[in-house]
Amino acid sequence: MAKHPGIAAGDVLKAFAMDFEPGVGTLKRYLAQYPEHATALVDLSRELSREVEDETPSAADLALVASRMSRLREYTVSLESLQAAPATQFIDAAEALSLPMLVGIALRERRIDVASLPRSLLARLAGELRASIETLVSYLELAPQASPLRARKSNVKPTAPEKVSFEQILRDAGVDEQFISNLLRDE
């Protein structure tokens, strides 16, 4: 017969885990108070009493974990984090590749047709943004967006943004023809 019918098993087990001390005193007290949860209490008591080997990892194990973690940190940027990234992140990445600020803004707003970007530039840009090439391509393939801040400052009604070629963005930014041709040559 249940002494405390309204108390959930999870609440009893949490309380038992907080009060647990090795030995049988705590277990006996909880079994007397909550006989309806006896099986779960005994199982939890065994689990909490189980001895765990405190084995220190070897140097090889630590090196393996460190190398895997560094590889994981290389591409920590997801599609969602690129969408939430500030424009300065894209501007800084563009400037690191010797591209004008307008290119960084166009990348942030997804106004560049991803098919017009040279593959080598795409790879370097992904590296600067700490994203995989696939994540960056997925981001750039999303619908273009206009900056709400620039639309608010405009004297004319803003139009829906369109995707344009990378070459056109470079021309709009005032980049010289020689630099454009060198940049578009996919290596």
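Visitor: Which side chain of opposite charge is nearest to Arg 110?

Guide: Side chains of opposite charge can pair when their charged atoms come close. The test used here is a salt bridge: a side-chain nitrogen of Lys or Arg within 4 Å of a carboxyl oxygen of Asp or Glu. Lys and Arg count as positive and Asp and Glu as negative, while His and the chain ends are not counted. For Arg 110, the nearest side chain of opposite charge is that of Glu 109, 9.6 Å away; Arg 110 is buried but has no salt bridge. Buried means under 20% relative accessible area, exposed over 50%, and partly exposed in between (1.4 Å probe, protein chains only).

Visitor: How should I treat such values?

Guide: As computed from a predicted model, in which local features need pLDDT of at least 70 and side-chain atom pairs count only at pLDDT 80 or more, whereas totals for chains, interfaces and linings use all residues. Residues are numbered from 1 along each chain as its sequence is written, and side-chain values use heavy atoms, with hydrogens and water left out.

Visitor: Where is Arg 110, and what does Arg 110 touch?

Guide: Arg 110 sits in the loop between α7 and α8. Helices (H or I, at least four residues) and strands (E, at least two) are DSSP runs, numbered from the N terminus. Contact means heavy atoms within 4.5 Å. Leaving out residues up to four places away in sequence, the contacts of Arg 110 include Gln 83, Tyr 139, Gln 145 and Lys 163.

Visitor: Which residue meets Glu 109 in a salt bridge?

Guide: Arg 111 does, with an N to O distance of 2.8 Å. Glu 109 is buried, because its relative accessibility is 5%. Arg 111 is buried as well, with a relative accessible area of 17%.

Visitor: How many salt bridges are there in total?

Guide: The count is three. In one of them, the closest N and O atoms of Arg 171 and Glu 167 are 2.2 Å apart. These residues are four apart in helix α11, so about one helical turn separates them. Glu 177 also forms a salt bridge with Arg 171, at 2.3 Å between the closest N and O atoms. Through shared partners, Glu 167, Arg 171 and Glu 177 are joined into one network.

Visitor: Which residues of α8 are buried?

Guide: In α8, Leu 121, Leu 122, Leu 125, Ala 126 and Leu 129 are buried. They lie on the same side of α8, because they cover an arc of only 135° around the axis, taken from the directions from the helix axis to the C-beta atoms. The buried residues of α8 pack against α5, α6, α7, α9, α11 and α12.

Visitor: Which residues touch the most other members of the largest nonpolar core?

Guide: A nonpolar core is a set of buried Ala, Val, Leu, Ile, Met, Phe, Trp, Tyr and Cys residues joined through side-chain atoms within 4.5 Å. The largest one has 30 residues, and Leu 99 and Phe 166 touch the most other members. At least two residues of this core come from each of α6, α7, α8, α9, α11 and α12. The largest share, five residues, is supplied by α8. Among the residues that Phe 166 touches, not counting those up to four places away in sequence, are Leu 99, Val 103, Pro 118 and Leu 183. Another core, of seven residues including Val 12 and Tyr 30, lies apart from it.

Visitor: Is Pro 118 buried or exposed?

Guide: Pro 118 counts as buried, because its relative accessibility is 6%. Pro 118 lies in the loop between α7 and α8. Its C-alpha atom is 7.8 Å from that of Leu 183, although the two residues are 65 apart along the chain.

Visitor: What is the phi of Ser 98?

Guide: Most residues other than glycine have a negative phi, and most peptide bonds are trans. Ser 98 has a positive phi, near 65°, and is found in the loop between α6 and α7.

Visitor: How many helices and strands does the protein have?

Guide: Twelve helices and zero strands. Buried residues make up 27% of the 187 residues.
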